[in-house]
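Please look over the model below with its chains in view, and follow the description from the overall make-up down to individual contacts.

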Amino acid sequence: MTTLWQEPWPWYVAGPLIGLMVPLLLLIGGKSFGISSNLRHLCAATVPSGIPLFQYDWKRDGGWNLLFAAGVLLGGFIAASVLLPDGYTVAISAATQRDLRALGIGDLSGLVPQELMGWQALASARGWLTLGAGGFLVGFGSRWAGGCTSGHAISGLAAFQLPSLIAVIGFFVGGLLMTHVIMPLVF
Amino acid sequence: MTRRQSLPRPIAPPLDPAPRPGDGPTLLAQVAYVAVGVLLGIVFVKSEVLSWYRIQEMFRFQSAHMYLVIASALAVAALGMQLLRRLDVRSWDGKAIAIPQKDMTPRGARYWLGGTLFGLGWGLLGACPGPIFALLGAGVTSMTVALLSALAGTWLYGAMQSRLPH
């Protein structure tokens, strides 16, 4: 049975809470809301390999950011274990369900499709495309662009930064191209 | 002497204005970073923005959910920053708060090229870096493959940085 706290949150609760991250992090220690820098910090901590991008004091510059990411991970754990009912399904629109079935995805349950993102998906090309190529492009692209959705689309746009506007337009051009042109060809 | 110590020292610009040595975050600030992250992780799950399905729905323009989340987040973030600035609020460590700046490059190549590459990945994976961490916590353990791939992408960018247009 779904109880009140297991219901999904509407946009007008979620959006403002995400936006609140920006002034909160500035207030705590003058930090800019961003997540993808953690990928750089993790590279610097493990395989810096003499590459200039990874030669810095990652503990001093990135320590706060890694703590923040650890919090996000913990929050995901808490929400999924306490605040979601068993057998949770995301209530996407009928049109999206139809499109995804046409794309060959039959099981639309869970937070993510098991056919693309479960461990068993790694036996298929689609699974490697989604998790492997998708992850790789997210990592390469966010560092090249100097930020991801949090750093550019929320933090950067809210501070009226032109570079962030260009990056966010790029995010959508890439996403639309993938969804409407490439995925129908390769899935 | 270990190999690491013999490497050439920083050429890369710091991510944030470099704090002076010895003035790292206090324990209270460290706890606050984790707590704020926990809140964000919970929001990512409860609003379903970490869901591959929601990202597909967004790129297919079949629901306003994601757009309304992003738009209202932006509004609150912009308002919050203006308030901090106008009221001349200082951060907990007593420093003046600087509004984050992104440096424009001559033709903005890094922003539109890097941004488009990121978008291609976002469309495929249905998760940006924040949701990768939240999904890992939510028990989608196969996201370790996405995280390792993202680290490989970040590393390769670092290795190629001087040869790419910015």
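Predicted model: local features only at pLDDT ≥ 70, side-chain atom pairs only at ≥ 80, totals over all residues.

Residues are numbered from 1 along each chain as its sequence is written, and chains are lettered from A, and ligands numbered from 1, in the order in which they are written.

Chain A contains eight helices and zero strands, where helices (H or I, at least four residues) and strands (E, at least two) are DSSP runs numbered from the N terminus. Its C-alpha trace spans about 45 × 40 × 35 Å along the principal axes. Of the 187 residues in chain A, 51% are buried; a residue is buried if 20 or more other C-beta atoms lie within 10 Å of its own, exposed if 12 or fewer, and partly exposed in between, with C-beta atoms placed from the backbone. Two residues are in contact if their C-beta atoms, placed from the backbone, lie within 7 Å, and among the contacts in chain A between residues at least 6 apart in sequence, 47% join residues at least 24 apart.

Chain B has six helices and zero strands, and 48% of its 166 residues count as buried. For contacts in chain B with a separation of 6 or more, residues 24 or more positions apart account for 45%.

Within chain A, the domain assignment gives domain 1 (1-84) and domain 2 (113-187), the bounds coming from an automatic or database domain assignment. The C-alpha centres of domain 1 and domain 2 of chain A lie 18 Å apart, and the contact takes 10 residues from domain 1 and 10 residues from domain 2 of chain A. On the side of domain 1 of chain A that touches domain 2, the elements giving two or more residues are H1 and helix H2 (37-46) of chain A, and H1(A) gives the most, with three residues.

Between the chains, 117 residues of chain B are in contact with 120 residues of chain A. H1(B) gives the most to the side of chain B that touches chain A, with 17 residues. By class, this side of chain B has 74 nonpolar, 31 polar and 12 charged residues, where Ala, Val, Leu, Ile, Met, Phe, Trp, Tyr, Cys and Pro count as nonpolar, Asp, Glu, Lys and Arg as charged, and the others, Gly among them, as polar.

A nonpolar core is a set of buried Ala, Val, Leu, Ile, Met, Phe, Trp, Tyr and Cys residues joined through C-beta atoms within 7 Å. The largest has 98 residues, of which Ile18(A), Val22(A), Ile132(B), Leu135(B) and Ala146(B) touch the most other members. Helix H1 (residues 11-29) of chain A gives the most to this core, with 10 residues, and the core draws at least three residues from each of domain 1 and domain 2 of chain A. Leaving aside neighbours within four places in sequence, Ile18(A) is in contact with Ile154(A) and, in chain B, with Leu40(B), Val43(B), Val69(B) and Ala73(B).

The axes of H1(A) and H1(B) come within 10 Å and cross at roughly 170°, the axes being lines fitted to C-alpha atoms, for helices over the stretch in contact, with angles running from 0 to 180 degrees between N-to-C directions. H1(A) and H1(B) are therefore roughly antiparallel to each other, given that angles under 35 degrees count as roughly parallel, over 145 as roughly antiparallel, 65 to 115 as roughly perpendicular and the rest as oblique. Among the residues that meet here are Leu17(A), Ile18(A) and Met21(A) in H1(A), and Val36(B), Leu40(B) and Val43(B) in H1(B). The residues of this contact divide into 14 nonpolar, one polar and one charged.

Inside chain B, the axes of H1(B) and H5(B) come within 10 Å and cross at roughly 85°, and these two helices are therefore roughly perpendicular to each other. Leu40(B), Gly41(B), Phe44(B) and Val45(B) of H1(B) make the contact with Gly130(B), Pro131(B), Ala134(B) and Gly137(B) of H5(B).

Leu122(A) lies in the loop between helix H5 (114-117) and helix H6 (125-145) of chain A, and counts as partly exposed because it has 15 C-beta neighbours inside 10 Å. Not counting residues up to four places away in sequence, Leu122(A) touches Gly127(A), Trp128(A) and Val145(B).
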